[in-house]
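Here are my notes for a colleague who is new to this structure. Please read them with the model open beside you.

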Amino acid sequence: MAAPSIPLKEKILVCLGSFLLTLTIYLVIDLYTPIKQLLAGQQMTFSEVMAHFQLQKKALFIVVITVLMSRITIRKRNQKLADSAAAKSQAQPQ
């Protein structure tokens, strides 16, 4: 019997969630200096804030971390699904 797997829609949602989480973390890291300067009372223009974004330099890391996070989450959910299916099959009398 084949091991159960989560549906494709849920896998896509896991990937999107991992991407958004990774992107948010990197945006917060990139915006640390502008936020610190704004809290100190310095004026910054929009172009100065945008100059702190370095997503093009970090794109490879964002993709790699997203893929790793997605694979781990999907593997855990598949394992949980397989464990629950195995428990159900053992609980049924034969």
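1. **Make-up.** The protein has 4 helices and 0 strands. Read along the sequence, the order is α-α-α-α. Helices (H or I, at least four residues) and strands (E, at least two) are DSSP runs, numbered from the N terminus.

2. **Ground rules.** This is a predicted model, in which local features need pLDDT of at least 70, side-chain atom pairs count only at pLDDT 80 or more, and totals for chains, interfaces and linings use all residues. Residues are numbered from 1 along each chain as its sequence is written, and side-chain values use heavy atoms, with hydrogens and water left out.

3. **Overall shape.** The C-alpha trace spans about 75 × 25 × 15 Å along its principal axes. The radius of gyration is 21 Å, whereas a compact globule of 94 residues would have one near 12 Å. That radius is taken over C-alpha atoms, and the globule rule is 2.2 Å times the number of residues to the power 0.38.

4. **Surface and burial.** The protein exposes about 7,500 Å², and carbon and sulfur atoms supply 68% of that area. Accessible areas come from the Shrake-Rupley method with a 1.4 Å probe; for residues, only the protein chains shown count as cover. Buried residues make up 16% of the 94 residues. Buried means under 20% relative accessible area, exposed over 50%, and partly exposed in between (1.4 Å probe, protein chains only).

5. **Contacts.** Take the contacts between residues at least 6 apart in sequence: 76% of them join residues at least 24 apart. A contact means heavy atoms within 4.5 Å.

6. **Helix α1.** This helix covers residues 8-30. Its 23 residues reach 33 Å from first C-alpha to last, close to the 33 Å expected at 1.5 Å a residue. The expected span is 1.5 Å times one less than the number of residues. Which residues of α1 are buried? They are Val 14, Ser 18, Thr 22, Tyr 26 and Asp 30. An α-helix has 3.6 residues a turn, so residues three or four places apart point the same way. The cover over the buried residues of α1 includes α2 and α4.

7. **Salt bridges.** The structure holds 2 salt bridges. The term means a side-chain nitrogen of Lys or Arg within 4 Å of a carboxyl oxygen of Asp or Glu. Glu 10 pairs with Arg 77, with the closest N and O atoms 3.2 Å apart. Glu 10 is partly exposed at 29% relative accessibility, and Arg 77 is partly exposed at 37%.

8. **The other pair.** Asp 30 forms a salt bridge with Lys 58, and their closest N and O atoms are 2.5 Å apart. Asp 30 lies in α1 and Lys 58 in α4, so the pair ties together parts 28 residues apart in sequence. Asp 30 and Lys 58 are both buried.

9. **A nonpolar patch.** Leu 8, Ile 12, Leu 13 and Leu 16 form a nonpolar surface patch with about 410 Å² of accessible area together. Patches are made of residues with over 30% relative accessible area and no salt bridge; like charges are joined within 9 Å, nonpolar side chains (Val, Leu, Ile, Met, Phe, Trp, Tyr) within 5 Å. Leu 13 is exposed, with a relative accessible area of 53%.

10. **Helix α2.** Leu 38 lies in α2 (residues 32-39). Leu 38 is partly exposed, at 46% relative accessible area. Leu 38 and Asp 83 are 45 residues apart in sequence and 51 Å apart in space, C-alpha to C-alpha.
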